[in-house]
Amino acid sequence: SLTEYRSQPNANYDDFRDKPGIQQALLEEQGFLCAYCMRRVWPDTVKIEHLLPQNPDEGSGDALALSYDNMLGVCDGLKGFPKKHQTCDSHKGNSILAGLNPLDESSVDKIAYRSDGTIFSDDKVIEDDLNCILNLNCERAHLKENRRAAIVQLQNYLREKNPQGAWNMSLLRQILRHYETEVDGAKPEYLGAVLYFIKRYMRRAR
């Protein structure tokens, strides 16, 4: 529907009628997780985000407004709350992410997590994107504590499998498959933090 509409004269994003179809496609591709904070999103809560904003503070994103490759599915980011309490697209607004790109694996690989659920990066540009542009450690949004809960759940699961804490590669690969398995198309919430710790444990096991 988007490809067909784009071919029409004077096509623009505001007048595009099949946004629900695009939302559903993005949800299915992303495992029903927000592309930024990885909290759960559903068809009635997802927003279409333009990675390069339609009206950025600098330059113009008009040319990509109808490009599916420039679209992400995101949560409401506490829209309506004061700016300091907003996250994700709601906090980002028309700012441009300078280093982080959820569609670029090499960019995502530079994201790290602490055991308390803090998301961060040693790359200063991506660190600024995470905290200043997307506000992904916002206390009001409970993102840190929710990531912390997901990490603790992983650790408890591992301890149930091996109380001694000697988690070998066979066990960790099994756990990795468990977390990467979608249930009715949905991936586990805060999957990025969980995968980060599984892979850290795998490096130690080697």
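**View 1. The crossing of helices α6 and α7 is right-handed.** Handedness is right-handed if the near helix is turned clockwise from the far one by less than a right angle, and left-handed if anticlockwise. This is a predicted model, in which local features need pLDDT of at least 70 and side-chain atom pairs count only at pLDDT 80 or more, while totals for chains, interfaces and linings use all residues. Residues are numbered from 1 along each chain as its sequence is written, and side-chain values use heavy atoms, with hydrogens and water left out. Helix α6 spans residues 143-161 and α7 residues 169-180; their axes come within 11 Å and cross at roughly 135 degrees, which makes α6 oblique to α7.

**View 2. Residues of α6 meet residues of α7.** From α6, Gln153, Leu154, Tyr157, Leu158 and Lys161 take part; from α7, Leu171, Leu172, Gln174, Ile175, His178 and Tyr179. By class, this contact has seven nonpolar, three polar and one charged residues.

**View 3. Helix α7 is roughly antiparallel to α8.** The axes of α7 and α8 (residues 191-205) come within 10 Å and cross at roughly 165 degrees. The crossing of this pair is left-handed.

**View 4. Residues of α7 meet residues of α8.** Met169, Leu172, Arg173, Ile175, Leu176, Tyr179 and Glu180 in α7 face this contact with Leu191, Val194, Leu195, Ile198, Tyr201, Met202 and Ala205 in α8. The residues divide into 12 nonpolar, no polar and two charged.

**Terms.** Helices are DSSP runs (H or I, at least four residues) numbered from the N terminus. Axes are lines fitted to C-alpha atoms over the stretch in contact, with angles from 0 to 180 degrees between N-to-C directions. Angles under 35 degrees count as roughly parallel, over 145 as roughly antiparallel, 65 to 115 as roughly perpendicular and the rest as oblique. Contact means heavy atoms within 4.5 Å. Ala, Val, Leu, Ile, Met, Phe, Trp, Tyr, Cys and Pro count as nonpolar, Asp, Glu, Lys and Arg as charged, and the others, Gly among them, as polar.

Methods. Helices (H or I, at least four residues) and strands (E, at least two) are DSSP runs, numbered from the N terminus.
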